[in-house]
Amino acid sequence: MLTGGSNLGENAGSVLNDIQQVNPRQARQFAEAMGRVAKTDHLDAEMLARMGSALQLKPTQTHSEAQADLRELLVFRRGLIKDRTAAKTRLKTARQKMLRGLLTQ
């Protein structure tokens with residue numbers, strides 16, 4: 001069982017059969033409800049195992065390498081779109097001719 005958006009899930013999927021991804025806040029609340037407030041790797045592993053068993057969590061399907069590549073391309077594309085939008089905004093507010101020239105290249 002994994003908490004958060006770790007890349008470990010994608011890598012561990014080839015080694016492990018059942019992987020469940022859990023919201024870290026929910027995992028912490030579960031541990032607190034069980035009376036465990038100490039934070040160690042051993043206790044975390046124990047609580048995550050109990051949580052998975054108690055809530056009968058279903059395995060998260062791991063993504064293929066092609067899907068991971070597409071996801072990375074999509075994130076990169078979104079970043080480029082944000083950069084382009086920011087540049088257009090700067091162009092509208094640029095008063096100096098030299099700056100406008102740099103932004104339109």
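## Fold and model basis

The protein chain contains five helices and two strands, where helices (H or I, at least four residues) and strands (E, at least two) are DSSP runs numbered from the N terminus, and read from that terminus the elements follow the order β-α-β-α-α-α-α. This is a predicted model, in which local features need pLDDT of at least 70 and side-chain atom pairs count only at pLDDT 80 or more, while totals for chains, interfaces and linings use all residues. Residues are numbered from 1 along each chain as its sequence is written, and side-chain values rest on heavy atoms, with hydrogens and water left out.

## Confidence

The mean pLDDT of the protein chain, pLDDT being the predictor's confidence in each residue from 0 to 100, is 78, and 81% of the residues score at least 70. Among the helices, α4 has a mean of 91, the highest in the protein chain, whereas helix α1 (residues 8-12) has the lowest, at 48.

Over residues 11-15 pLDDT stays under 50, and for this stretch the model has three contacts beyond four places in sequence, a contact meaning heavy atoms within 4.5 Å. Where pLDDT is low, the predicted coordinates should not be read in detail.

Of the 105 residues in the protein chain, 14% are buried; buried means under 20% relative accessible area, exposed over 50%, and partly exposed in between (1.4 Å probe, protein chains only).

Among contacts in the protein chain with a separation of 6 or more, 37% join residues 24 or more positions apart.

## Surface and backbone

The protein chain exposes about 8,700 Å², of which carbon and sulfur atoms supply 54%; accessible areas come from the Shrake-Rupley method with a 1.4 Å probe, and for residues only the protein chains shown count as cover. Methionine 98 lies in helix α5 (residues 97-104) and is exposed, with a relative accessible area of 58%.

Glutamine 56, in the loop between α3 and α4 (65-93), has a positive phi of about 50° although it is not a glycine. Most residues other than glycine have a negative phi. Glutamine 56 also counts as exposed, at 61% relative accessibility.
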